[in-house]
Amino acid sequence: MKDLYNIDDWNDVSCRRLGEILIEAGKINLFHLSMVLDIQRFQKIPMGQIFLSMKVITKKDLKQALLVQKMIQKRCGNA
């Protein structure tokens, strides 16, 4: 399990999406991700907002996960 609050834990990670980052950090599980992806099929709500409304992550978790995602994407050349 990776620590969202320790950026060095993410140095060995390939390009990831937000849901994958949250799963690997142990903040959500596949059931949570599946629910959010189903909701997104019908409503154009950002994934992080849905997780917050489900109360499975905190705002701090979301901010950190987005920071990790941005760092990873920059390294992968997707920023």
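This is a predicted model: local features need pLDDT of at least 70, side-chain atom pairs count only at pLDDT 80 or more; totals for chains, interfaces and linings use all residues.
Residues are numbered from 1 along each chain as its sequence is written, and side-chain values use heavy atoms, without hydrogens and water.

**Overall fold.** The protein has four helices and zero strands. From the N terminus the order is α-α-α-α. The radius of gyration is 12 Å, close to the 12 Å that the globule rule gives for 79 residues, so the protein is as compact as a globular protein of that length. That radius is taken over C-alpha atoms, and the rule is 2.2 Å times the number of residues to the power 0.38. Helices (H or I, at least four residues) and strands (E, at least two) are DSSP runs, numbered from the N terminus.

| Property of the protein | Value |
|---|---|
| C-alpha span along principal axes | about 35 × 25 × 20 Å |
| Accessible surface | about 5,300 Å² |
| Carbon and sulfur share of that surface | 54% |
| Buried share of the 79 residues | 33% |

Areas come from the Shrake-Rupley method with a 1.4 Å probe; for residues, only the protein chains shown count as cover. Buried means under 20% relative accessible area, exposed over 50%, and partly exposed in between. Among contacts (heavy atoms within 4.5 Å) between residues at least 6 apart in sequence, 52% join residues at least 24 apart.

**Core.** The largest nonpolar core has 18 residues; Leu 4, Trp 10, Ile 21, Leu 22, Phe 51 and Ile 57 touch the most other members. Helix 1 (18-24), helix 2, helix 3 (47-54) and helix 4 (59-76) each supply at least two residues of this core. Such a core is a set of buried Ala, Val, Leu, Ile, Met, Phe, Trp, Tyr and Cys residues joined through side-chain atoms within 4.5 Å. Beyond four places in sequence, Leu 22 touches Leu 4, Lys 27, Ile 28, Phe 51, Ile 57 and Ala 65.

**Helix 2.** His 32 lies in helix 2 (residues 30-42). His 32 counts as buried, because its relative accessibility is 18%. Leaving out residues up to four places away, His 32 touches Phe 51, Met 54 and Val 56. Met 35 is also in helix 2. At 30% relative accessible area, Met 35 is partly exposed. Met 35 and Met 54 are 19 residues apart in sequence and 9.9 Å apart in space, C-alpha to C-alpha.

Technical notes. Buried means under 20% relative accessible area, exposed over 50%, partly exposed in between (1.4 Å probe, protein chains only).
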